[in-house]
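Me: Please take a close look at how the parts of this model meet. I would like one connected account that begins with the chains and ends with a single residue.

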Number of protein chains: 2
Amino acid sequence: MPLSSRNMPSTLNTYWGGANSSSPIFAHLGAESPLDHDFLRVGFPVDHAPFFNALVVYVEHRHYGESVPFGSMEEALKNETTRGFFNSAQAIADYAEVLLYVKERFSSPVIVYGGSYGGMLAAWFRLKYPHIAIGALASSAPVLYFDNITRPQDGYYWIVTKDFPATSGSCYRTIKDSWDVVDNIASQPGGLSILSQRFKTCSHLNSGVELKNFLVSMCASSAQYNHPPDYPLTVLCEAIDRAGSRTDIFGQIFAGVESAFGKNSSCYDVNYFHRPTETNEGWGWQVCSEMVMPIGRTVEAHMFQPAPFNLTEFTQYCKLVYGVPPRPHWITTYYGGHDIKLTLQKFASNIIFSNGRKDPYSSGGYVIYTIKEIIVFCLSFEVMPILDHLVMVFWLIYRVLEDLSDSLLAISTRSWFALDLINSFFFFFENQRESQKEKEKEKEMRGN
Amino acid sequence: MPLSSRNMPSTLNTYWGGANSSSPIFAHLGAESPLDHDFLRVGFPVDHAPFFNALVVYVEHRHYGESVPFGSMEEALKNETTRGFFNSAQAIADYAEVLLYVKERFSSPVIVYGGSYGGMLAAWFRLKYPHIAIGALASSAPVLYFDNITRPQDGYYWIVTKDFPATSGSCYRTIKDSWDVVDNIASQPGGLSILSQRFKTCSHLNSGVELKNFLVSMCASSAQYNHPPDYPLTVLCEAIDRAGSRTDIFGQIFAGVESAFGKNSSCYDVNYFHRPTETNEGWGWQVCSEMVMPIGRTVEAHMFQPAPFNLTEFTQYCKLVYGVPPRPHWITTYYGGHDIKLTLQKFASNIIFSNGRKDPYSSGGYVIYTIKEIIVFCLSFEVMPILDHLVMVFWLIYRVLEDLSDSLLAISTRSWFALDLINSFFFFFENQRESQKEKEKEKEMRGN
């Protein structure tokens, strides 16, 4: 996997404090998309590297973007044998080789970070390669959404189900009511034509399920990415609610579709979430081999109709498409996850798991709630943890530099600055919490 | 890899305290030989399991003994592709799967242990699978004998060179002098015939090097395995010294050969150490793929003629025999090793590295000398650490049970007994050290 050199030279000139300044290396671990996406999306390194004179390195995940083995993507995904090299263990072994190469040149402590799947890779990298990365920031990383570790199946849609009424009660009820209405129309003669017309689908609908799956994904996606500057969930619900005065339930939901996919489209592709993009194709294989997340919907996800995760059906599907059955216990066997609090407390250090509480994947990411002196901590606030990130990154890097202080020459004054900043941020958050508590008490007293 | 069921039933009936007693599971990790060898050789589990009501599990290393993949050994070693699955990472992944299976049935903490290569696997297993094994005893495990971590090349033969004079000065000098004499005779017309006759070689010697390599291996092996009840180094030197009064230098060395390989053999096989045994064949591949230990001899190993480790030649050899070049940096990339003290202190716990100081591999196994409250400790005494093992195992298990005490019901009284034992042993060893120090001081004073 080539070390991405695209952003490095400029970063190097602007920030890098040099090998002797104990400036850290921030290593962004690529995930299930081309690295180019991350340059645009991930603000963290560009925002925070200057505080630490840090060198920022982006490493791409094999099989995504420019990092294609076997000569071509077609060759690399040809059969089970070549696809067998496309897995998370091999990907983090790549990171190990690349980062050792970087460390040899710029001898400095490495801190890995990533989001979502990349966040899992960051945590796992610190666990498997503690001799290479001295800390990890695992952002929105559902490391517990495997096997039977946590609240099974429902976690993801359970939080989506909570996010919607928290944004708008009427929006939530409209969506919740819509499924039966779709079923009702779809079952009538000519019903699918009506639905196809009303939702301006690019091809004629084959079933009500086709439409419903599209709408479910739209809801889930808006909840998952409901962060600034776009706040898609807020936008979606505003559109649905606003349409309520002038149209029926289909018109309302369709107004949501328009808000999500653009108002002036000639038609809307109900296959949008399953288009054959690099991400969908690559992740499709990963999910069907080792990354088996049993995401389903039972009663707890009551905003949606039930659709329980069914391992038997999933296995049949994977065998059909990829020629192999998925390995539902592999991730917990290789990376752990059961009793994770005990394991991490007695073994490991410097891993931060951060989540926004409204992120549906946070149901698989609440690793440890309290701040542990030595191990892991997780701050979770309402939205995606942007401000939180800042605090935690500073905390992590401060910890790391402190840890290294007997072997490195000096802790740079920058890290003391970071410590001050952390303290003031904690103070700020503590104040916020206290005032929140007081408000709640007042409410209670008034209620009585 | 099948879980060995051969010894399990009897162990189960005799010792096992049951899942509710928090009795540990001792998992013996197989190494580069059939597991049957270990049943006979490794006294530890049978000796110590009763103290803890421990369940003892033996797990065989893939490609050795009965654990042959692909149907047959021939098929499994056919080419680079099938051989590619024969590596340490895959072997410890097997252990992970087997031990999770065992833990599911007998929910108890697992402690892994092993010796030599098996010791490295035990340490690496704890590092890579802390969620499965809560502690590891890595006995005589040269985890630092890779890449350029420690004293390169010479470590092994440097200790052999120290072991011999510590056993017998005259024996040491005889062997040290013998190499030139062999060279001298071998270079003369008919010299190889003389050597073949005097050493009763099974086939006619092709070179002096052939004989010397055999004798070097004999010396190294006797130093490496110089523990009770056989003490081969002591026996070898006694034979060499005793023969001194009645024969020349060849006769003396040959007396050593007889003592090592049996006095009444009709002939001696100079290929003995390279016979195509399962161990030699399997380990040969492992060494030529990932387990590249740069063992050589330069000036520090002055009991022997120089034979520096030459990576270029080694690479040529491996390409010729196995079709692939070795990966000399892979072990340190995957398992670490550089700055190991820092890494282990900041990350990891409950790993014991134990060595006898006279074990030639201890040159790659001195991980941490001092007793660390939380991490790792290494006691190293003169002989193979038999008594030491006892102490350390008790210490390890006590630590582990103590660690678990907030999650398990109770620490059994057995472990308190163990703690007492540890204390008394420490007291004993401390006393020994103190008296040793005093003796040395006295010596110094007399010298002055």
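Reply:
**The contact between the chains**

In this predicted model, 26 residues of chain A are in contact with 26 residues of chain B, contact meaning heavy atoms within 4.5 Å. Residues are numbered from 1 along each chain as its sequence is written, while chains are lettered from A and ligands numbered from 1 in the order in which they are written. Local features need pLDDT of at least 70, side-chain atom pairs count only at pLDDT 80 or more, and totals for chains, interfaces and linings use all residues; side-chain values use heavy atoms, with hydrogens and water left out.

Of the interface residues of chain A, 100% are also interface residues in chain B, so the copies meet through the same surface.

On the side of chain A, His131(A), Lys346(A) and Phe347(A) supply 28% of the area buried against chain B, more than any other three residues. There are zero salt bridges between the two chains (a side-chain nitrogen of Lys or Arg within 4 Å of a carboxyl oxygen of Asp or Glu). Polar contacts number six residue pairs, both residues at pLDDT 80 or more (N or O atoms within 3.5 Å; within protein, one must be able to donate a hydrogen and the other to accept it, and residues adjacent in sequence count only through side-chain atoms on both sides).

Two or more residues of this side of chain A come from each of α6, α7, α16 (330-335), α17 (340-346) and α18 (386-404) (helices are DSSP runs of H or I, at least four residues, numbered from the N terminus). The largest share, five residues, belongs to α16(A). By class, this side of chain A has 14 nonpolar, seven polar and five charged residues (Asp, Glu, Lys and Arg are charged; Ala, Val, Leu, Ile, Met, Phe, Trp, Tyr, Cys and Pro are nonpolar; the others, Gly among them, are polar).

Domain 1 of chain A brings 31 residues to it and domain 2 of chain A brings 28. The two domains bury about 2600 Å² between them, 64% of it on carbon and sulfur atoms. In domain 1 of chain A, Tyr145(A), Lys358(A) and Pro360(A) lose the most area to domain 2, together 25% of what that side buries. The domains share zero salt bridges, whereas 14 residue pairs are in polar contact, both at pLDDT 80 or more. On the side of domain 1, α5 (80-83), α6 (88-105) and α7 (117-128) of chain A each supply at least two residues. Three residues from α7(A) make up the largest share. This side of domain 1 comprises 15 nonpolar, nine polar and seven charged residues.

Finally, Ala89(A) lies in helix α6 of chain A. Leaving aside residues up to four places away in sequence, Ala89(A) touches Glu290(A), Tyr334(A) and Tyr335(A). Ala89(A) and Tyr335(A) are 246 residues apart along the chain, and their C-alpha atoms are separated by 9.4 Å.

Definitions and conventions:
Buried area is the accessible area (1.4 Å probe) that two parts lose on being put together, summed over both.
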